[in-house]
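I open this notebook to record what I looked up in the structure. The entries follow the order in which I consulted it.

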Amino acid sequence: MSTQTIGSPARRERGLGYALAGGLAVTLIAILIGGALFTWLLLAARGPAAPELLPADTQFYAALAPNAGGVVEVQQLQAALRENFGVSDPAALLAPIERRLGVSIGDHVVTWLGSEMIVAVRGFAPPAGASPDATALLRDGEVIWLFGSKNDPQAEGFLQEHRAAREAAGERIVTREVGETTIYIAEGEDPGPLTAFALIDHYVVFSNRPEALVAMTLAEGGAGSLATVPGFERFREQLVPGRPGAVYTDGSAAAEAARAALRELLQGL
């Protein structure tokens, strides 16, 4: 009799404690699985990162540090242009960029533009002793501009508006289908910063060489990508919110020549 009176409440308390602990454990596991699933779905929808689309022999890579809100911060962008390229008045670039795009940035770009912006160079080998310039860079090298898209349908709409504006100005724009990607190519002109353009894996991409966009479309992010280069891994640690951006180079003189040529290109828009 005494055993039932004293022992039963203790067993009930332990049973309740075990039930609560078990419930918390199940809830925690569900949260972890749900979080992992959400992260996987987010990454699957996002696609490969820009370094996974670029080849390992990329000489120069300048990136704006992305932020959690995914919105371009004007002051951050201006600081990156000053620090990385020596552009003294970044605000003065707005008008010439709009002229080249043929559309209003406020109406046709801001709607889809994320906070990730990148310019990369490869294959540039200026002659020894020669002063690098924008013309040589566009003629001999491969320049790639990547702008993160947070709304692909609107980004595709921008590309159509851009194409229409250039065709209205007398340019001939042809298309090349690579898998499910449409690459737009300006024909009959000297290589320029906007010769080829496309929407590739959630990036609006421009380049002076259509071949660069074809290679990006076919990239699989394996051992041959920039993302796997040991020195680049250390560089990526610098891309944290609060910093305007950072520059990676392969350490060659050609990479610094590319930076100088990019500075001239930006200032000559």
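**Entry one: the sheet**

I note that the model is a predicted one. I then looked up the two strands concerned: β4 and β5 (residues 181–187) pair in the antiparallel sense, over seven bridges.

Next I followed the whole sheet. I recorded eight strands in an open sheet, ordered β4-β5-β6-β7-β3-β2-β1-β8, with antiparallel pairing. Which strands stand at the edges? They are β4 (172–178) and β8 (245–249); each has a single partner strand, so one side of each is left without a neighbour in the sheet. On average, neighbouring strands of this sheet are turned by 15 degrees against each other, direction ignored.

**Entry two: helices across the sheet**

I looked up two helices. Helix α3 (residues 74–85) lies across β1, β2 (113–122) and β8, and runs at about 155 degrees to β1. Helix α8 (residues 210–218) lies across β3 (142–149), β4, β5, β6 (196–200) and β7 (203–207), and its angle to β6 is about 15 degrees.

I turned to threonine 58, located in the loop between α2 (50–53) and β1 (60–64).

Technical notes:
Residues numbered from 1 in each chain as written. Predicted model: local features only at pLDDT ≥ 70, side-chain atom pairs only at ≥ 80, totals over all residues. Heavy atoms only, no water. Helix = DSSP H or I, 4+ residues; strand = E, 2+ residues; numbered from the N terminus. Pairing = 2+ DSSP bridges. Axes fitted to C-alpha atoms, helices over the stretch in contact; angles between N-to-C directions. Contact = heavy atoms within 4.5 Å.
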